[in-house]
Amino acid sequence: MIPDVRLPSPLVELHDDERLAARGVRMFVKRDDLIHPDLPGNKWRKLHLNLRAALDGGHGRLLTFGGAYSNHLRATAAAGRLLGIATTGVVRGDELAGRPLNPSLARAAADGMRLHFLDRATYRRKAEPEVLASLLERLGPAYVVPEGGSNALAARGCAALGEELRGRADVVGVACGTGGTLAGLAAGLGPGQRAVGFPVLKGGGFLAGEIRRLQEDAFGGPRGSWLLDDRFHHGGYARVSPVLRAFAEDFGGRHGFVPDSVYVAKMLHGLFSLAQEGAFAPGTTVAAVVTGRPTG
């Protein structure tokens with residue numbers, strides 16, 4: 001459907017004698033950031049079945065939601081450009097409407113996305129039927145993809161990630177925002193494997209219930225073995241603590257790429273911390289999913 005998609009994504013071993021090998025742990029990185037230059041990380045996995053449904057349903061426009069720095073908005077805009085589908089992005093915060101676009105929104109606009117800025121109070125109610133109906137009446141009919149791209153089709157698309165890792169790792173770590181990637185990943189893994197999700201939002205107590213709901217919608221019930229470790233949000237979404245910054249820079253020096261601090265660095269810090277805590281028995285193989293483009 002979209003050219004130059006690289007699947008399965010590469011699985012590359014990290015060599016870290018001090019923090020991993022000394023504890024009997026092997027770690028690999030699943031380079032989903034290399035799937036596609038415009039749809040890196042989990043964006044392709046979450047979007048492609050939704051794109052297919054939109055095309056098969058004859059929808060000429062996609063409408064979705066995100067904050068001012070949303071990678072999901074940017075990826076949806078790129079997908080629309082590549083497939084010739086019009087896109088509309090509903091952006092949280094009407095105070096942004098009169099300001100110059102930041103690089104993320106500017107890229108989405110350059111890819112043809114129509115941006116509509118919504119006040120924060122209404123944005124919080126965006127999933128309510130009457131609010132959504134009002135938006136569609138104002139902005140035109142469209143196939144609707146939720147914020148972050150997480151719905152049943154996204155979870156089914158992410159199940160392929162777990163399938164690619166069957167037999168390759170005992171534990172698979174992934175950063176969590178809206179839960180769709182973890183819901184699908186866990187469903188695709190094989191017996192004896194477990195997924196660990198690292199929420200990047202502070203106060204993400206809702207997330208476990210959301211993952212269960214997504215699995216119910218996508219697969220008819222719970223699938224796979226998974227758990228959440230909420231200790232590594234480093235202050236909340238897009239917050240970067242000195243500890244996290246130092247970890248990401250050190251990781252880049254050791255392994256050749258600096259993980260993005262919003263998602264991937266938090267997940268990697270969590271996995272390395274678990275290894276140092278002795279949470280993984282000697283002989284354990286861990287895979288870390290790189291869901292976003294590295295920063296360097």
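How many positive and negative side chains does the protein have, and how far apart do the centres of the two sets lie? There are 36 positive and 29 negative side chains, with the two centres 2 Å apart. Lys and Arg count as positive, Asp and Glu as negative; His and the chain ends are not counted. Each charge is placed at NZ of Lys, CZ of Arg, CG of Asp or CD of Glu.

## Basis

This is a predicted model: local features need pLDDT of at least 70, side-chain atom pairs count only at pLDDT 80 or more, and totals for chains, interfaces and linings use all residues. Residues are numbered from 1 along each chain as its sequence is written, and side-chain values use heavy atoms, leaving out hydrogens and water.

## Overall fold

The protein has ten helices and ten strands. These are DSSP runs numbered from the N terminus (helices: H or I, at least four residues; strands: E, at least two). The C-alpha trace spans about 60 × 40 × 35 Å along its principal axes. The radius of gyration is 19 Å, which agrees with the value near 19 Å for a compact globule of 296 residues. That rule is 2.2 Å times the number of residues to the power 0.38, and the radius is taken over C-alpha atoms.

Of the 296 residues, 54% are buried. Buried means under 20% relative accessible area, exposed over 50%, partly exposed in between (1.4 Å probe, protein chains only). Among contacts (heavy atoms within 4.5 Å) with a separation of 6 or more, 74% join residues 24 or more positions apart.

## Helix 10

Helix 10 covers residues 264-277. Its 14 residues reach 20 Å from first C-alpha to last, close to the 20 Å expected. The expected span is 1.5 Å times one less than the number of residues. Twelve of the 14 residues are buried, so the helix is largely enclosed by the rest of the structure. Among them are V264, M267, L271 and F272.

The buried residues of helix 10 pack against several elements, including strand 1 (11-14), strand 7 (171-176) and helix 9 (242-255). Just after the helix, G278 takes a positive phi of about 80°.

T181 lies in helix 7. T181 is buried, with a relative accessible area of 5%. Leaving aside neighbours within four places in sequence, T181 contacts N42, K46, C158, L161 and V174.
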